[in-house]
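Okay, thanks for coming, everyone. Have a look at it first.

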Amino acid sequence: MTSRDNIIALNARAIAADTEYPEHFDLAFAAPDTAQEIAALEALLNIRIPDELRSLYQECGAFRHVHYDESYSQTIALDAVGAVLERLRNPGQRWYSCHAGQGLIDFVYAKWGGRTDLDDILSEATVKVVNDNYTGFGCRYINDDVHDYWYFDRNGMFGNLRFDQDELHYNSWKIESLCDVLPPDDLVFDAAQRRAYVLAEIVSFSEPQDTFPGMTLAQLVDSQFAAIVAALSPRLSKHARQCRTSPAAIDRMLQRALTFYVMYLYLGHNMSKTPSGMIESPHRARSKTMEMAMKQMLEIEQALLRRPGSVGVSSNLLPPDQADGVPVMRMTIEGLEELPVFITATPSQVLCICYLWTEAEIRPERRYEMLEAMMDLNMAIPLSNFGRVGEHYVIFGSLAHDASADSIATDVAMVADNAFEALDVFSEFLK
């Protein structure tokens, strides 16, 4: 059970991590909800609230950071049942006006100021399936573009949908994946069978696992507070945290800047022939691309974990944002969560890239001096070089196109460590 004391303890870590503005994480609890209020919400939405969440509402009370509505980064809001009932019954009184439902997509739209941009990408059938099977109930504000939306499914399992308003195609792919893990309508399952089917399907997807329903409420809440602490990690300088306020924006930039790279290591072309000679659909070919890239990514992750003195490693695969695009791997090493390393390939080399700072963050009067220092250090940095992609300065390593997973893992670890050192060394040149 997620108790009030547990939430206060988790939040205390966030307060301790923010040495500049700890008051941003002042926490408030609502009065516990009654069984009658919960029953009324269940009847209105035609759902059953999972026991874990029911206990939180009744024994702990919903909670939120008091500065959430002021758009402070890394703040959380979980609304009380009574407040949700009021909004659903009186939708016209809300500033975001439309989409009164608590289905996941409607929930995103409501928190998004009533925008309905996904309607131009997702089919009506997909929207209905997602809203019928997944219910939104909480949110973490990461920055103006990116939010984490908490939800539960019909099996009582919890998940988190990270939504970047500037990445609609990536968002739609994740949402469609939530549909893909559901059992077909023609299969009649009891609750246990349905839960087992969903969990088995989730394993086959490359998307970060917290996107899918599979967590307990305690695990979801713990992971969200841990993410706040990681974003405020004192190991990184103030400048480094400012540079990393929007990881999704960096993901976007990487996808766009490297569109000319083709991932021949995983699949030569998006269109391929089946054994019968038929041309596969782009969707199936893309799925194969993702599966093969996922296999390679897991090999690299295991190689990182085998390294002497290794710490935790997490990875995910960024799907292409265009039909003819290619996936990109993102590897994150424990303790360096704000400095992910991106891996992609050309027919001749594998590239491991970490983003440092932007042109706008350089002190103009020190720019030439900084560039001189970068050139001087290029020879001395082990296995890495400085470079620039668009407006972003990067540190990167390159390997032969047929490099082994162990070799790539070595380069990933070295690039991440060198990036951390570079942020420290070059801080004097930055605003």
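So, let's start with Asn160: its side chain makes a polar contact with the side chain of Asp148, at 3.4 Å. By polar contact I mean a pair of N or O atoms within 3.5 Å; within protein, one has to be able to donate a hydrogen and the other to accept it, and residues adjacent in sequence count only if both atoms are side-chain atoms. The Asn160 side chain also reaches the backbone nitrogen of Tyr149, at 3.4 Å. Asn160 sits in strand β6, residues 158-164. Buried or exposed, this Asn160? Buried, because its relative accessibility is 3%, and buried here means under 20% relative accessible area, with exposed being over 50% and partly exposed in between (1.4 Å probe, protein chains only).

Quick housekeeping. This is a predicted model, so local features need pLDDT of at least 70 and side-chain atom pairs count only at pLDDT 80 or more, while totals for chains, interfaces and linings use all residues. Residues are numbered from 1 along each chain as its sequence is written, and side-chain values use heavy atoms, with hydrogens and water left out.

Now the overall picture. The protein has 14 helices and 12 strands; those are DSSP runs numbered from the N terminus, H or I of at least four residues for helices, E of at least two for strands. There are 431 residues, and 52% of them count as buried. If you take contacts with a separation of 6 or more, 64% of them are between residues 24 or more positions apart, a contact being heavy atoms within 4.5 Å.

On to the cores. A nonpolar core is a set of buried Ala, Val, Leu, Ile, Met, Phe, Trp, Tyr and Cys residues joined through side-chain atoms within 4.5 Å. The largest one here has 42 residues, and Ile343, Trp357, Val412 and Phe426 have the most contacts inside it. Several elements each put in at least two residues, including α12 (282-306), β10 (349-358) and α14 (405-425). Which element gives the largest share of this core? That's α14, with 11 residues. Apart from that core there's another one of 32 residues, and Leu41, Ile49, Tyr57 and Val84 are among them.

Leu41 brings us to helix α2, residues 35-45, where the buried residues are Ile38, Leu41 and Glu42. They span an arc of only 100 degrees around the axis, so they end up on the same side of α2; the arc is taken over the directions from the helix axis to the C-beta atoms. What do the buried residues of α2 pack against? They pack against α3 (51-60) and α4 (81-89).

While we're on backbone angles: most residues other than glycine have a negative phi. Gln74 isn't a glycine, yet its phi is positive, about 70 degrees. You'll find Gln74 in the loop between β2 (63-65) and β3 (75-78), and at 8% relative accessibility Gln74 counts as buried. Leu383 is another non-glycine with a positive phi, near 60 degrees, and Leu383 is in the loop between α13 and β11.

Last topic, charges. How many salt bridges does a search of the whole structure find? It finds 12, a salt bridge being a side-chain nitrogen of Lys or Arg within 4 Å of a carboxyl oxygen of Asp or Glu. Take Glu359: its side chain meets that of Arg367 at 2.5 Å, N to O, and Glu359 also bridges to Arg388, with the closest N and O atoms 3.2 Å apart. Arg388 is in strand β11 (385-389) and Glu359 in the loop between β10 and α13, so that pair ties together parts 29 residues apart in sequence.

Then there's Arg366 with Glu428, closest N and O atoms 2.9 Å apart. Arg366 is in the loop between β10 and α13 and Glu428 in the segment after α14, so here the parts tied together are 62 residues apart in sequence. Arg366 is buried at 15% relative accessibility, whereas Glu428 is partly exposed at 43%.
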